[in-house]
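Q: Put the model up and we can go through it.

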Amino acid sequence: MASVTITNVQKSYGAMNVLSAVNLEIPDGEFVVLVGPSGCGKSTLLRMIAGLEEISAGEIRIGDRVVNDVAPKDRDIAMVFQSYALYPHMDVASNMGFSLMLRKAAKELVLDRVSSAAKRLGLDVLLERLPRQLSGGQRQRVAMGRAIVRDPKVFLFDEPLSNLDAKLRVHMRTEIKALHQQLKTTSVYVTHDQVEAMTMADRIVVMHDGIIQQVGTPLELYDNPANIFVAGFIGSPGMNFLPAVVRREGDKAWAELSDGQTIGLLPQLEISDSERVTIGIRPENIEVGGGTDLKAQIEVIEPLGLSTQFYTKLSGHQTCIFAMGRTDRQPGDMIGLGIKPENVHLFHGASGLRIG
């Protein structure tokens, strides 16, 4: 096992800058997820760690070794791709052990490692099958087994669950997390799915336009997003945003929405009267009920059985509300909303950076 250190790494294609001065330290044994929208540079960064993309500037270390000019096969990494990339004419055992056979490893070592990995992944009864005889989840486990057999210093995952259906994705992400807890191998995982990031990562790296926006544990990013982009990307359903103006009077502070409705703020926040801000409120932090001056109109109701999602119009903006239980309310109804000041996130109107 080994750490991965990325120092001032840049990537350009001619005049187009894809990654800008990326700095990231991944300790030995950590599971790090790179997350962001398509085109943010996360897969490019992963491919540079693997050696599949050249670095325009900066340095990448795996352990104590600088690997900028080291060929992919000599970096002691294993990569699991979105496509399974299995040899169709080889059975499961041969697919899993092929990299060791290329290295001319002893037959006994190949058999031992393939057998061990197959048991871990529940593939021991499938070793004689061809890829076409396997389900999508089984093929993905074979691809993971092929990586495990190499016993690498670092695992690299490039959106490995994208081709699976929703139920199987949930199952496979649990398997990958459990596997990491067993092997304790440094892992870098790329996805655009923030739910995968939240449920699997020790730390999440949120990227946008080739720049790291924030690095932290899933709950650090959820509770204290650095800016509006991170706040909106992390969480499902996403955070609601409303433009507002701060009002202060004595030891009281509140946000005034565009239609004159108000939401209370914590008075100790360092923000001036009349300052324009964006307030952020997570759907689960909005209480549906009467006895409040804050009103919204229901547009869409999504019953989920255990819970209900409301899409409402609040101060001219669509606002999502997540509530436990069921409802007899209907689209078009006006409802009262309760929002506690400690659950309101504030962002500067111009920069989008978090306040407080």
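A: A note on labels before we start: helices here are DSSP runs of H or I with at least four residues, strands are runs of E with at least two, and both are numbered from the N terminus. Also, the model is predicted.

Q: Fine. Where is P237 in those terms?
A: P237 is in the loop between α8 (228–233) and β11 (240–249).

Q: And what kind of peptide bond joins S236 and P237?
A: A cis one, with omega at about 0°. In general, most peptide bonds are trans.

Q: What about backbone angles, what is phi of E159?
A: Near 45°, which is positive in a residue that is not glycine. E159 sits in the loop between β7 (154–158) and α5 (166–183).

Q: Is E159 buried or exposed?
A: Buried, because its relative accessible area is 14% and the cut-off for buried is under 20%.

Q: And S274, what is its phi?
A: About 75°, again positive without being a glycine. S274 belongs to the loop between β13 (262–265) and β14 (276–281). With 41% relative accessibility, S274 is partly exposed.

Q: Changing topic. What volume does the largest pocket have?
A: About 450 Å³. The residues lining this pocket number 18, and those closest to the centre are M79, F81, S99, R146 and R150.

Q: Which elements supply at least two residues each to the lining of the largest pocket?
A: β6 (77–80), α2 (92–102) and α4 (136–149).

Q: How does the lining divide into nonpolar, polar and charged?
A: There are 13 nonpolar residues, one polar and four charged.

Q: Now the core. How many residues has the largest nonpolar core?
A: It has 44, and M96, I176 and Y189 have the most contacts inside it. α4 gives the largest share of this core, six residues. Apart from it there is another core, of 29 residues, including V9, V18, V67 and V188.

Q: Back to I176, what is it in contact with?
A: Setting aside neighbours within four places in sequence, I176 contacts F31, M144, F157, P160, L161, Y189 and M200.

Q: On to charges. How many salt bridges are there in the whole structure?
A: A search finds eleven. One of them pairs D74 with K73, with 3.4 Å between the closest N and O atoms. D74 is partly exposed at 39% relative accessibility, and K73 is exposed at 64%.

Q: What does E256 pair with?
A: R247, at 3.5 Å from N to O. E256 is partly exposed, with a relative accessible area of 28%, and R247 is partly exposed at 25%.

Q: And K313, which residue is its partner?
A: E299, with the closest N and O atoms 3.8 Å apart. The pair links distant parts of the chain: K313 is in strand β17 (residues 307–314) and E299 in strand β16 (residues 295–303), 14 residues apart. K313 has a relative accessible area of 33% and is partly exposed; E299, at 34%, is partly exposed too.

Q: Last one: where is G325?
A: In the loop between β18 (317–324) and β19 (334–338). G325 is partly exposed, with a relative accessible area of 26%. Beyond neighbours within four places in sequence, G325 is in contact with L306, S307 and T308.

Conventions. Residues numbered from 1 in each chain as written. Predicted model: local features only at pLDDT ≥ 70, side-chain atom pairs only at ≥ 80, totals over all residues. Heavy atoms only, no water. 1 Å grid on protein atoms, 1.4 Å probe; cavity = no way out; pocket = protein on both sides within 12 Å on 5 of 7 lines; lining within 4 Å. Points joined across faces, edges and corners; volume = space filled by probe spheres on them. Nonpolar A, V, L, I, M, F, W, Y, C, P; charged D, E, K, R; others polar. Buried < 20%, exposed > 50% of the residue type's maximum accessible area, 1.4 Å probe, protein only. Contact = heavy atoms within 4.5 Å. Core = buried A, V, L, I, M, F, W, Y, C linked by side-chain atoms within 4.5 Å. Salt bridge = Lys/Arg side-chain N within 4 Å of Asp/Glu carboxyl O.
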